[in-house]
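Have the structure open while you read.

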Amino acid sequence: MLLPGLVLCVLFLIVPFGLMVTISLYQNISPATMVLSGFSFENYIGFFSKGTSYIILANTFGNSLLACLACLLIGYPFAYLLSYSVKNEKVKSYMVSLLIVPFLIDTSIRMIAWIPILGNQGAINQLLLSLHVVQNPLSLLYNVGALQILWLQGYVLFMIFPIYLALNRIDPDLIAAAKVLRASPQNVFYYIVFKLSLPGVICGCIFVFVSTLGDYITPLFIGGGIQTLGLSVSDYANSFAWPYAAALSTMLTGVAIAVLYILLKVVNIKELIYER
Amino acid sequence: MVLLSFKSGSDMSFPIRGFTLDWYIGQPSSYRYGSEWISVFHDTDFWRAFRSSAYVSIAAALLTCFIATTTALALRHRVKGRDLVFYVILLGFVVPGVALGLGMVFLFRFVGWGFTFWTPVIVDVIYAVPFGLVLMMARFEPRLMEYERAASTLKASPWNVIRHVTLPLIVWEVVSAGLFGFVLAWGEVIRTQFVIHGTGVLSTYILSEVGVRALSPKWYAAGTIISMISIVALLLFGWALSRGTTFKK
């Protein structure tokens, strides 16, 4: 029964990653014949000896972490409301659809949809100008803020879903017991609800973190071309500097796997899905 | 966005004046060139991409169904290496999109295969299977294994157990995993961007067009159509999930 899944993963996941690591350790590759030459670690050494590389790294991880935080701040209350406060099934399904619809809008369309709102002649600027709050239109697009809004819109679902699952698994008797024992609402929330929902929180953070790491399209079109690792990969890949692009994506993948590994050591993600 | 798509005139600003269906079905005008001024209905490239997107997503959905189901069923047993397999499959989602796309380019160049219809399908399946797997494992009927054991104690052949006991009990989870795969494949652009051939699928077509064309309400019309498809797919998904639970209760 395991065979189809394993074949798929080994053939199209492990092998490409192996190739990527291999190619990243060579100096040259001919795109036509895929012949490698010049074994060295120069791609990695070169990356870390450039000053701009550190800006790229800071941009990449700073923005992805910020996205995690933003999604958590918005997503946790939402998931909490969804699993505890809203009892009416109908309201619940409306809330869920409200959440999912932006996720379903095509990535590119989602990006251009913000232009009439945030752009220089966009709705917000028109409003501010007509109220004489500002004299000149604010530039709201093509910066980190716009990038974060787009990411929030696109990936907050990945945060809410696992948190919701985790919250739903908390035994209501525990909360009732704590209340009987006169725990304050804050203590009930922190010691029971929050701590028991941590696997969901971690899971959501991983989802958002790795999704934003791999997204180079939003930084390119809406982030004002803010240099991230993902964007550099695509730049170098498009100019056929494959070994360098391979080195960059090896690092990117390495970081994603490391984050996954560390966080899995902290909480047991499998609690969410195995044995109830 | 939906509002803007019905807007008349070519400037893109609020408040919205005038209502028109021109961006959907209007005739191509004779004095303006470029695909941003052709209505969605008359844009042949759009429909070509639409068709290939539909085929790719349906193929990806079916494959996701099959692989997620077999893997989820196998992972219920406490076999050695279960965690390893689970993590490897999870990698399909964890590996950043650009890296996966680039890796696929390397693999296909190395083996000497060209990019075909199947390349975006494979990429989408790799991405969708972890979701399908987690979804199924979280929602399987808790007593499913007991039922299976009962059936095999009664001397049902393994195939009959699957056919008459397991599958009827999980059918809606299978369907919902497939629909979720469809939704993911329909919208996926980062990974697909690297491995398309021809006009490509819808998401990459729109991306490349809005990158070079002027902004016009046409794109919002296109976006409305594209989103409608995935909203319908998702409504079906929710329906399938709820069927799964009510069926068991």
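Let's start where the chains meet. Chain A puts 54 residues into the contact, and chain B puts in 54 residues. On the chain A side, the elements that give two or more residues are helices 1, 4, 5, 6, 7, 10, 12 and 13 of chain A. Helix 1 of chain A is the top contributor there, with 13 residues. Sorted by class, that side of chain A has 41 nonpolar, 10 polar and three charged residues.

Keep in mind that this is a predicted model. For the complex, the predictor gives an ipTM of 0.80 and a pTM of 0.81. Chain B has a mean pLDDT of 75, with 77% of its residues at 70 or more.

| Element of chain B | Residues | Mean pLDDT |
|---|---|---|
| Helix 1, lowest confidence | 2–5 | 50 |
| Helix 3, highest confidence | 44–74 | 87 |

Where pLDDT is low, though, the predicted coordinates should not be read in detail.

Now for the inside. The largest nonpolar core has 139 residues, and the ones touching the most other members are Val208(A), Val233(A) and Leu102(B). Helix 8 of chain A gives the most to this core, at 15 residues.

Which residues does Val233(A) contact, leaving aside neighbours within four places in sequence? From chain A there are Tyr216(A), Ala245(A), Leu248(A), Ser249(A) and Leu252(A). From chain B come Val98(B), Ala99(B) and Leu102(B).

Helix 8 of chain A deserves a look of its own. It covers residues 144–169, and at 1.5 Å a residue its 26 residues should span 38 Å; the end C-alpha atoms sit 36 Å apart, which agrees. Even so, helix 8 of chain A bends by about 50° at Tyr155(A).

Last stop: Phe207(A), which sits in helix 10 of chain A. Is Phe207(A) buried or exposed? Phe207(A) counts as buried, because it has 21 C-beta neighbours inside 10 Å, and the cut-off for buried is 20 or more. Beyond four places in sequence, Phe207(A) is in contact with Phe158(A), Met159(A) and Pro162(A). Ser139(A) is another matter: it lies 68 residues from Phe207(A) along the chain, and their C-alpha atoms are separated by 30 Å.

Methods. Residues numbered from 1 in each chain as written. Chains lettered and ligands numbered in written order. Predicted model: local features only at pLDDT ≥ 70, side-chain atom pairs only at ≥ 80, totals over all residues. Helix = DSSP H or I, 4+ residues; strand = E, 2+ residues; numbered from the N terminus. Expected span 1.5 Å × (residues − 1). Bend = angle between axes of the 7 residues up to and from the residue. Contact = placed C-beta atoms within 7 Å. Nonpolar A, V, L, I, M, F, W, Y, C, P; charged D, E, K, R; others polar. pLDDT = per-residue confidence, 0-100. Core = buried A, V, L, I, M, F, W, Y, C linked by C-beta atoms within 7 Å. Buried ≥ 20, exposed ≤ 12 C-beta atoms within 10 Å, placed from the backbone.
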